Amino acid sequence: FHQVLNQSHVPPFYLGSTFLYLGDIAFIKGVQGWQVFYERGLNKLNRYSPKNEWFYYRLGSTHKRLGDTKRAKHCFKQVLNRTQSKGISAGACFHLGEIYLGARQKKKAEYYFRMCVNANPKHKKGAEQLKQFSLEYP
């Protein structure tokens, strides 16, 4: 990572992605100030990246980790509007379900968890969440 950050000819997309990965590592390791890596990565990606479903998925995941659920929801909904891939759709739906569950909007959460499992019946976390809803609402 340090080699990439010290190169002046690295395309901004890769530089932004590198900062996001460093943010992931710093977050997992509990490094103080991990948010700075995300902010620098988001800054690079927002200005220079192609706006495709993977871009929005990564952006949504980062905003979610930073606690910005409004931006995260927007990004995950962009994923759903831009992709035909059931795999990435399932992931975006799962994240939306978690965001709505955290906001205590259970009907919307259940809707997105159900969409997640419909897109990918093998999505274990989505299925576990749906199971919780069936236990809660017999």
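Which residue with a positive phi follows H6? Arg 104 comes after this helix, and its phi is near 60°.

## Basis of the model

The model is predicted: local features need pLDDT of at least 70 and side-chain atom pairs count only at pLDDT 80 or more, while totals for chains, interfaces and linings use all residues. Residues are numbered from 1 along each chain as its sequence is written, and side-chain values use heavy atoms, with hydrogens and water left out.

## Helix H6

H6 covers residues 86-102, 17 residues in total. Helices here are DSSP runs (H or I, at least four residues), numbered from the N terminus. From first C-alpha to last, H6 reaches 24 Å, close to the 24 Å expected; the expected span is 1.5 Å times one less than the number of residues. At the start of H6, a side-chain oxygen of Ser 85 comes to within 3.4 Å of the backbone nitrogen of Gly 87.

Because 12 of its 17 residues are buried, H6 is largely enclosed by the rest of the structure. Buried means under 20% relative accessible area, exposed over 50%, and partly exposed in between, with a 1.4 Å probe and protein chains only. Among the buried residues of H6 are Ile 88, Phe 94, His 95, Leu 96, Ile 99 and Tyr 100.

## Salt bridges between helices

A salt bridge is a side-chain nitrogen of Lys or Arg within 4 Å of a carboxyl oxygen of Asp or Glu. By this rule the structure has 5 salt bridges. Side chains of opposite charge can pair when their charged atoms come close.

In the salt bridge of Asp 24 with Arg 65, the closest N and O atoms are 3.2 Å apart. Asp 24 lies in helix H2 (residues 12-29) and Arg 65 in helix H4 (residues 53-66), so the pair ties together parts that are 41 residues apart in sequence. Asp 24 counts as buried at 17% relative accessibility, and Arg 65 as partly exposed at 33%. A network of salt bridges links Asp 24, Arg 58 and Arg 65.

Lys 64 pairs with Glu 98 in another salt bridge, with the closest N and O atoms 2.2 Å apart. This pair links distant parts of the chain, helix H4 through Lys 64 and helix H6 through Glu 98, 34 residues apart. Lys 64 is partly exposed at 23% relative accessible area, and Glu 98 is partly exposed at 29% relative accessibility.

## Asp 68 and Arg 71

The side chains of Asp 68 and Arg 71 also form a salt bridge, at 3.3 Å from N to O. Asp 68 is partly exposed, with a relative accessible area of 23%, whereas Arg 71 counts as exposed at 51% relative accessibility.

Definitions and conventions
Helices (H or I, at least four residues) and strands (E, at least two) are DSSP runs, numbered from the N terminus. A polar contact is a pair of N or O atoms within 3.5 Å; within protein, one must be able to donate a hydrogen and the other to accept it, and residues adjacent in sequence count only if both atoms are side-chain atoms.
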